[in-house]
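Please read it alongside the sequence and the coordinates.

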Amino acid sequence: MKLLFASDIHGSAYYTNRLVELVEQEKPERVVLLGDLLYHGPRNDLPRDYDPKQVIPALNGMQDKILAVRGNCDAEVDQMVLEFPIMADYAVLYLEGRMVFITHGHQFNEENLPKLGKGDVLIHGHTHVRAAADRGDYFFLNPGSISIPKGDGIHSYMVYEDGVFTTKDVAGNVLETLDIRR
């Protein structure tokens, strides 16, 4: 199974269109969105081509592929215009026999861990900072932000395939990998 993870679009029509192109190139079975889809929030600058009304049809066009969780900037009014569910605080997948806990990161994160077993995986966005780490007891991943990256300023997303998470910049260059098949 191939999955594409993206987080923190924050209403950028430019980076949403780039995401659509990446989905066409990568050809994942599912696109996992880690929240903060339509609005920039009070602590962020406006992203490039901020236009939530343009983001809506682009995301709805991929609705059959999307699994999404709610970010701290997502609201019930957003659910009224999006044709896929976004209001869950987390989702759970099973990959390579491991539980993968997917959330935005404003509630569950490394300071407030969900119930994880040895070797489970925590994936969240929210910080806009990429991460791919084996913490010994669990794996931690963050694809960074596709539209408003913090830290090194690299716009990024993540792909899962065959037990390996690969973080890439929006040009498709590999930034880091994490193999969870230990």
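In this predicted model, helix α1 passes helix α2 in a left-handed crossing. The two helices, α1 spanning residues 13–26 and α2 spanning residues 52–60, pack at an angle of about 15 degrees, with their axes 9 Å apart. Because angles under 35 degrees count as roughly parallel, α1 is described as roughly parallel to α2.

**Helix contact**
- On the α1 side the contact is made by Ala13, Thr16, Asn17, Leu19 and Val20, while α2 contributes Gln54, Val55, Ala58 and Leu59.

**Nonpolar cores**
- The largest nonpolar core holds 24 residues, of which Leu4, Leu19, Leu33, Leu37, Leu59 and Phe84 touch the most other members.
- At least two residues of this core are supplied by each of β1 (2–6), α1, β2 (30–33), α2, β3 (66–68) and β9 (156–161), and the largest share, 4 residues, comes from α1.
- Leaving aside residues up to four places away in sequence, Leu33 touches Ala6, Ile9, Leu19, Leu59, Ile66, Leu67, Ala68, Val69 and Phe84.
- A second, separate core of 18 residues includes Val32, Ala91, Ile102 and Met158.

**Thr166 in strand β10**
- Thr166, which lies in strand β10 (residues 164–169), counts as buried because its relative accessibility is 14%, and the cut-off for buried is under 20%.
- Its contacts, again not counting residues up to four places away in sequence, are Tyr157, Met158, Val159, Val174, Glu176 and Thr177.

Technical notes:
Residues are numbered from 1 along each chain as its sequence is written. This is a predicted model: local features need pLDDT of at least 70, side-chain atom pairs count only at pLDDT 80 or more; totals for chains, interfaces and linings use all residues. Side-chain values use heavy atoms; hydrogens and water are left out. Axes are lines fitted to C-alpha atoms, for helices over the stretch in contact, and angles run from 0 to 180 degrees between N-to-C directions. Angles under 35 degrees count as roughly parallel, over 145 as roughly antiparallel, 65 to 115 as roughly perpendicular and the rest as oblique. A crossing is left-handed if the near helix is turned anticlockwise from the far one by less than a right angle, and right-handed if clockwise. Contact means heavy atoms within 4.5 Å. Buried means under 20% relative accessible area, exposed over 50%, partly exposed in between (1.4 Å probe, protein chains only). A nonpolar core is a set of buried Ala, Val, Leu, Ile, Met, Phe, Trp, Tyr and Cys residues joined through side-chain atoms within 4.5 Å.
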